[in-house]
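Notebook open, two chains to go through. I'll jot down what I looked up, in the order I looked.

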Amino acid sequence: MAQQQVVEKKAMRTPIESGCPDGFQYMHPLMIKNYGNWKYHDRPRPGVLHHVAYSGDEIWTVRVGTQRQLGPYEINLLCDIIDKYGEGYVRFTIRSNMEISLSSADKIEPLIQAFNDAGYPVGGTGNSVTMISHTQGWLHCDIPGTDAAGVVKALMDDLHEEFIKEDMPNRVHITTSCCQINCGGQGDIAINVQHTKPPKINHDLVANVCERPSVVARCPVAAIRPAMVNGKPSLEVDEKKCICCGACFPPCPPMQINDPEHSKLAIWVGGKNSNARSKPMFHKLVAAGIPNNPPRWPEAGAIVKKILKVYKQDAKDWERVGDWVERIGWPRFFELTELPFTKFHIDNWRGSRHMLNQSAHIRF
Amino acid sequence: MAQNQPKNPEKHSTFIPKEKKSTKPFHKTPMLDQLESGPWPSFVTGLKRLAHDNNMMVDLLGQLEHSYTTRKGYWKGGTVSVFGYGGGIIPRFTELMGSDGKAMFPEAKEFHTLRVQPPAGNHYTTKMLRQLSDSWKKWGSGLIAFHGQTGNIMFIGSTSENTQHFFDEINEYGFDLGGAGPCVRTAMSCVGAARCEQSCANEQKIHRTLVNNFIDDMHRPALPYKFKFKVSGCPNDCMNSIQRADFAVIGTWRDDMKVDQKEIKAFIKAKSRKYVIDNVVNRCPTKALSLNDDDTLDVDNRNCVRCMHCINVMTKALKPGNDKGITLLMGGKRTLKIGDTFGTVIVPFMKLETDADYERIREIAANSIDFWAENGLEHERCGEMIERIGLANFLEGIGLEVDPNMINHPRTSSYVRLDEWDQEAEKWNQRKHQAAAG
């Protein structure tokens with residue numbers, strides 16, 4: 001037995017722990033040559049960046065929206081275009097857009113034409129609504145309340161014009177998340193799952209599947225405690241305390257939080273990661289109770305479009321959604337977007353007191 | 001298709017092959033079919049193309065359609081790894097079993113994801129993209145996500161056995177697995193110095209120095225929870241690192257920003273004086289800008305907080321200064337468990353030029369991870385531990401001194417013991433004298 005194990009081990013290949021690969025080996029030669037020596041940039045048209053180096057070298061970037069999940073057909077289709085009309089160098093942005101590097105402005109229009117002819121939009125730069133950053137959803141996640149790629153496809157179909165133009169007051173970053181952990185991150189607008197009922201527990205399975213103390217420790221409001229149910233060790237939830245966050249579900253799948261009816265969508269606005277003007281900001285809840293309605297989630301899409309429309313009309317140049325709301329105030333936001341304001345918008349989580357209006361500053 | 005007929009339907013995102021190589025018949029997918037129309041390229045059409053090629057994707061579409069119909073997910077985790085590693089793979093086994101106890105979609109009953117670290121800055125050649133795609137077509141479903149939210153290339157859909165074969169193949173040509181589980185995770189860095197004039201750092205070097213120094217902590221998960229490094233070359237923070245990284249490195253500068261007065265005048269001429277007053281001067285968060293009567297711009301550099309706004313607007317006229325370095329923030333994370341946190345300042349400024357500088361940032365990272373590994377609770381992110389024990393205790397634990405740049409304002413509550421006030425004040429005075437002495 002021991003001998004056999006040794007033989008098996010020998011047959012296995014020892015990994016090369018090379019870690020993160022060196023980016024320089026895949027960089028456009030102009031990037032390597034002018035690394036750290038760029039002078040300025042401008043945007044000749046939506047979807048195109050133009051950077052000029054101190055050496056006088058210039059590089060153009062064409063940004064293309066993708067569906068993020070790519071197969072061999074799409075990869076070869078896109079790479080064929082990049083090889084034929086570009087120079088074989090590409091990078092991805094954090095929002096799954098491809099950026100194709102060009103050393104000559106003459107190549108821009110034929111490249112854009114080729115992408116458009118192949119059904120790929122060019123845009124996502126400057127004051128556009130760029131590609132939505134999203135998670136895995138039903139395609140691959142073990143705890144999803146909804147899909148991710150499907151929500152994004154439906155929304156980007158509707159926002160396609162805003163992707164290829166630069167008509168917004170400032171850039172708009174939309175994110176989606178398919179559970180309340182919110183892997184999608186902060187967004188100018190975020191569409192996230194919001195559960196509304198406590199988990200349904202399969203007491204027959206808990207003892208075998210779940211490490212009970214870890215599950216108890218995972219609850220943010222200490223609503224879970226060990227209990228004997230039907231003669232078996234299990235867990236019980238104080239449903240009055242439970243905030244329906246679903247934190248117990250990943251470590252204990254028999255505590256099912258996802259519900260076709262009661263797992264809803266919520267919309268949050270005003271998140272900002274940049275330090276520009278204001279410090280980074282979290283997004284804030286504006287709408288909830290939105291049905292999780294595949295395959296195109298029209299109710300969530302309608303609210304997003306309404307917020308974008310009002311933002312586009314009312315915000316000043318360079319105001320991100322969060323900057324804009326800070327200026328006009330939340331009462332006006334709810335007035336303009338015609339979204340209901342409820343007691344649930346008032347935060348009661350730890351440290352929330354500073355979110356109340358501790359002043360006589362009121363807009364009329 | 002509601003849109004105009006494509007010029008070349010064989011080379012279009014809507015293309016569906018005529019030939020079906022997969023042997024299993026397609027499942028009906030009326031819900032997913034509705035995501036094939038519209039101007040944005042459809043991932044569903046992509047999945048269908050793959051289903052023409054392999055049975056795994058035929059059944060994957062079946063399971064996904066089932067999720068769309070019942071509004072629930074049906075994947076469970078498990079344990080799968082490659083030889084020598086403990087993490088890097090997200091195992092997925094189907095939960096959809098028929099009444100006979102067998103998988104309803106058996107060809108996709110194992111559908112694991114390999115997380116692979118992309119090159120720093122997400123740079124590729126088309127040659128390398130095709131090579132990765134070819135390897136994955138050989139060993140997996142063919143479906144790749146560029147990229148996951150942590151920053152990995154996600155190779156989605158493999159059997160347990162093939163994860164090893166695929167890893168062996170790509171590992172030979174320079175790619176390594178990322179992190180999954182309680183470990184150091186794949187890092188991210190912006191395009192930075194490679195193509196951006198606002199970059200104040202060598203993102204490539206910082207990214208690889210940090211993450212490749214903790215490769216053992218990535219491949220063999222043994223930390224309280226995940227730990228993420230992210231690097232942004234300037235305070236625009238395109239990598240969202242302050243919010244999303246336990247260890248956020250932000251490029252910045254400490255001398256005066258560069259002003260080209262000729263370009264200021266040219267900008268005013270092109271856009272108008274009102275535009276500059278409304279959108280540059282008035283948007284400065286610390287009122288550090290002043291437009292003169294002769295259309296030149298004054299900058300109060302001592303009160304500039306390096307927010308980047310004016311530089312973003314006037315890309316030719318304004319630039320970061322020459323004395324570049326980084327600001328280090330720690331403790332950002334998403335909602336679980338105490339709610340979202342931003343990273344907070346741990347090092348207001350440090351140079352990153354010499355080998356000793358890089359050794360120093362590596363040391364700060366190592367001290368932080370060690371301290372957190374010792375003191376963090378199970379499933380507690382570094383930022384949550386800092387909140388629980390207080391920033392001052394964390395700083396003491398990793399050997400850094402307090403600095404007023406770490407706070408918005410001093411404490412407002414008098415409920416605190418001040419036993420060692422005099423010693424602490426003396427420390428501050430000594431540090432000040434040392435700094436003055438140079």
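I began at Leu70(A), which sits opposite Ile144(B) in S6(B). Pairing, for my notes, takes at least two DSSP bridges between two strands.

**Ground rules.** This is a predicted model: local features need pLDDT of at least 70, side-chain atom pairs count only at pLDDT 80 or more, and totals for chains, interfaces and linings use all residues. Residues are numbered from 1 along each chain as its sequence is written, while chains are lettered from A and ligands numbered from 1 in the order written.

**Interface.** I looked up the contacts between the chains: 109 residues of chain B meet 101 residues of chain A. Contact is C-beta atoms, placed from the backbone, within 7 Å. On the chain B side, helix H4 (residues 126-139) gives the most, with 7 residues. By class, that side has 44 nonpolar, 42 polar and 23 charged residues. The classes: Ala, Val, Leu, Ile, Met, Phe, Trp, Tyr, Cys and Pro are nonpolar, Asp, Glu, Lys and Arg are charged, and the others, Gly among them, are polar.

**Core.** Which residues touch the most other members of the largest nonpolar core? Among the 207 residues, they are Val62(A), Phe115(A), Ile267(A), Val304(A), Ile144(B) and Phe155(B). A core is a set of buried Ala, Val, Leu, Ile, Met, Phe, Trp, Tyr and Cys residues joined through C-beta atoms within 7 Å. Buried is 20 or more other C-beta atoms within 10 Å of the residue's own, exposed is 12 or fewer, partly exposed is in between, with C-beta atoms placed from the backbone. Helix H5 of chain A (residues 149-164) supplies the largest share of this core, 9 residues. I checked Val62(A) too: leaving out residues up to four places away in sequence, its contacts include Ile100(A), Leu102(A) and Val122(A).

**Chain B overall.** I count 15 helices and 16 strands. Of the 438 residues, 49% are buried. The C-alpha atoms fill a box of roughly 75 × 60 × 40 Å along the principal axes.

**A sheet in chain B.** It is open, has 5 strands with mixed pairing, and runs in the order S8-S9-S10-S15-S16. S8 (188-189) and S16 (344-350) are at the edges with a single partner strand each, so one side of each has no neighbour in the sheet. S9 (residues 229-232) and S10 (residues 247-253) of chain B pair in the parallel sense over 4 bridges. In S10(B), Ile250(B) is the bridge partner of Ser232(B).

**Helices by the sheet.** Helix H12 of chain B (residues 355-375) lies across S10, S15 (324-330) and S16, at about 165 degrees to S16(B). Angles run from 0 to 180 degrees between N-to-C directions of axes fitted to C-alpha atoms, for helices over the stretch in contact. In H13 of chain B (residues 382-389), I found Cys382(B), Gly383(B), Glu384(B), Met385(B) and Ile386(B) buried. What do the buried residues of H13(B) pack against? They pack against S15, H12 and helix H14 (391-398) of chain B. Just after H13(B) comes Gly390(B), with a positive phi of about 95 degrees.

Note on methods: Contact = placed C-beta atoms within 7 Å. Helix = DSSP H or I, 4+ residues; strand = E, 2+ residues; numbered from the N terminus.
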